[in-house]
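Colleague: I would like to learn how to read the spaces inside a protein model. Please start with the lining of a cavity.

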Amino acid sequence: MSSILESYNLTALQWTAICFAVFLLGLSKSGIKGIGILIVIILAFVFGEKASTGVLLPMLIVADIFAVIYYNRHAQWGYIKKLMPWMIIGVLVGVWVGNDISEVLFKRIMAVIIIVSVLIMFYTENRASKDIPKNKLFSTGAGFLAGFTTMVGNLAGPISNIYFLAMRLPKNEFIGTAAWLFFIINVFKLPFHFFVWKTVTKETLVLNTVLIPAIIIGFFVGVAIVKLISNINYRRFILIVTALGGAVMLFR
């Protein structure tokens, strides 16, 4: 195991950045939404955009398991059933498109998706209407985009946040529904990363293993924070952080 870890040739600063990203992953899956972009950016800086998706995916699944166990009783399965078929189609399109895409174009697509998603989130947060969108095209589009973006860059968070914000889900229902949704879809993605993209390997799994404690710590710290959060100003802060992250990725 030590020889595999040494083969990454990571500096102390890179190890610190990775551990911080994985800690944020735990926070994110505990219900502190909007910080996923920071995780993606940090790991992309260290491993490269596409390779980082394979490093991140098994850790996402580990964090999803904790989220599913903790928030299971709050899941709203009606929303999951609406989104899941279209997410699967989006993942399959992402597998096909992302397999041959260049690193530069891959990065640009990720950045544009993030920035557009943030703008839509600002709009949904600030509009006066409290009506819940009932148009089937809305759930179809959200599901497809979430599936595509989760495959090409583990970036479905902004899309799913838009959808669940629009549905006016209470905090715990939001977290529990998202937990099950992404646990299922991340497990579905895993074989494609193994056998098609080859971004999940024995070496990346060894790296994942040593980082699991940071996920666990982040998750339970996040659970404690979520209980204290009431909201709107915090949600707007997260939107600003996400927008800045997208801009950094776009112009890096």
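Colleague: Which helices each supply at least two residues of the lining of the second largest cavity?

Modeller: On a 1 Å grid over the protein atoms alone, a cavity is a set of points where a 1.4 Å probe fits but cannot get out, and lining residues have an atom within 4 Å of a point. Helices are DSSP runs (H or I, at least four residues), numbered from the N terminus. Here H3 and H4 each give at least two lining residues, and H4 has the largest share, four residues. This is a predicted model, where local features need pLDDT of at least 70, side-chain atom pairs count only at pLDDT 80 or more, and totals for chains, interfaces and linings use all residues. Residues are numbered from 1 along each chain as its sequence is written, and side-chain values use heavy atoms, with hydrogens and water left out.

Colleague: What volume does the second largest cavity have?

Modeller: A volume is the space filled by probe spheres set on the grid points, which are joined across faces, edges and corners. For the second largest cavity this is about 40 Å³. Among its lining residues are Ile-39, Glu-49 and Asn-154.

Colleague: How many cavities of 30 Å³ or more does a search of the whole structure find?

Modeller: Three. Of the 31 residues that line the largest cavity, the closest to its centre are Ser-28, Lys-29, Gly-36, Asn-154 and Gly-157.

Colleague: Which helix gives the most to the lining of the largest cavity?

Modeller: H9, with five residues.

Methods
1 Å grid on protein atoms, 1.4 Å probe; cavity = no way out; pocket = protein on both sides within 12 Å on 5 of 7 lines; lining within 4 Å.
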